[in-house]
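This report goes through one protein model for a reader who has not seen it before.

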Amino acid sequence: IAPGNPVMLTLDAMRVATERKVTQLYPEPHAGLLIGLLTGTRTSLPRTILDQFRDTGLTHLLAISGYNITLVVTLLSGFLFWLPLRWRFVPACIGIVAFTLFTGASSSVVRAAIMGMLSLLALQLGRMQAIRLTILWAMFFMIAWNPRFLWEDVGFHLSFLAVIALVEITPLVEPWCRRLPEAFGLRTTLQTTLAVQVLTTPWICFVFGRLSIISPLSNLLAPPLVPIAMMSGAISLILSLVWEPLGQLIAVPAYLTLSGLLLIAKMLAAIP
């Protein structure tokens, strides 16, 4: 879709309005961080905070991923609860496409969108999802659309390395984490973090020439807070359109979790 297309102009206007509403509900730098989590836009965050996230290996939290797509589908399904499940498929796909364009259609969000729609299609047809085939189909569609992803887009590389790691490496890491407690998702978080880093860290070192030693700890502490911040933040935005005080009330848990993310990045970045 061309940049001057009416659809893109409308989505750009919606993105600007969303970011403006976030700044009304939240103080800085919490507003800038929530904008980054929801839309992938980092321009509102101060350079010092961006450096802290970079040094602690948390920059990936500010990139649109599969969780954002899951959030869109969850919210749409919630609004359309009165419809039969099979009738929610088309609105969900339209919502995914709109969100992909809304956020700028980076390689990571396009990958997540394709996989999300293929997953919905598998659910719609009542078939068991073959995750490996889903990954390959997503890769095929993206390379067919733009072959330059293969050699120009680091986000494309890291996005697929991460999702492949979740599928293939996580089962290998699981035996090493059996003694960890399952409370608060600690075991699952560590398993997925280690699995993803096995495949992505060498490529990050090669491309960017840097390695964050503190990254395993920061990625153990921060990710559990992200779903709470994103979900409560998105709901607070929607409810604030209906009644401002209600949106402000729901914004409290989002504010607290955003504060936790900022604190983790600040404290761990201070370690030499």
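Arginine 132 and glutamate 168 form a salt bridge in this predicted model, with their closest N and O atoms 2.7 Å apart. The pair joins distant parts of the chain, since arginine 132 lies in helix 7 and glutamate 168 in helix 9, 36 residues apart. A salt bridge here is a side-chain nitrogen of Lys or Arg within 4 Å of a carboxyl oxygen of Asp or Glu. Helices are DSSP runs of H or I with at least four residues, numbered from the N terminus.

Residues are numbered from 1 along each chain as its sequence is written, and side-chain values use heavy atoms, with hydrogens and water left out. Because the model is predicted, local features need pLDDT of at least 70 and side-chain atom pairs count only at pLDDT 80 or more, while totals for chains, interfaces and linings use all residues.

How many salt bridges does the rule give? The count comes to six. Three of them are listed here.

| Salt bridge | N to O distance |
|---|---|
| Arginine 132 and glutamate 168 | 2.7 Å |
| Arginine 148 and glutamate 152 | 2.6 Å |
| Arginine 54 and aspartate 55 | 3.1 Å |

Arginine 132 counts as exposed at 54% relative accessibility, whereas glutamate 168 is partly exposed at 30%. Buried means under 20% relative accessible area, exposed over 50%, and partly exposed in between (1.4 Å probe, protein chains only). In the second pair, arginine 148 is partly exposed at 46% and glutamate 152 is partly exposed at 47%. Salt bridges with shared partners also join Arg47, Asp51, Arg54 and Asp55 into one network.

Helix 7 covers residues 131-145. Its 15 residues reach 21 Å from the first C-alpha to the last, close to the 21 Å expected at 1.5 Å a residue; the expected span is 1.5 Å times one less than the number of residues. Which residues of helix 7 are buried? They are Thr134, Ile135, Ala138 and Met142. Seen down the axis, these buried residues fall within an arc of 100°, so they line one face of helix 7. The arc is taken from the directions from the helix axis to the C-beta atoms. On the other side, Arg132, Leu136 and Ala144 are exposed.

Leucine 136 has 52% relative accessibility. Together with Leu133, Trp137, Phe140 and Phe141, Leu136 makes a nonpolar surface patch of about 540 Å². Such patches consist of residues with over 30% relative accessible area and no salt bridge; like charges are joined within 9 Å, and nonpolar side chains (Val, Leu, Ile, Met, Phe, Trp, Tyr) within 5 Å.

Helix 9 (residues 154-168) also holds histidine 157, which is buried at 15%. Apart from neighbours within four places in sequence, histidine 157 is in contact (heavy atoms within 4.5 Å) with Phe149, Leu150, Trp151 and Trp203.

Helix 3 (residues 47-55) has Ile49, Leu50, Gln52 and Phe53 as its buried residues. They cover an arc of only 160° around the axis, which puts them on the same side of helix 3. That buried set packs against helix 2 and helix 14 (244-269). Arg47 and Thr48 are exposed on the face turned away.

Two backbone details remain. Just after helix 3, glycine 57 takes a positive phi of about 70°. The peptide bond from glutamate 28 to proline 29 is cis, with omega near 5°, and proline 29 sits in the loop between helix 1 (6-25) and helix 2 (30-39). Most peptide bonds are trans.

Notes. Accessible areas come from the Shrake-Rupley method with a 1.4 Å probe; for residues, only the protein chains shown count as cover.
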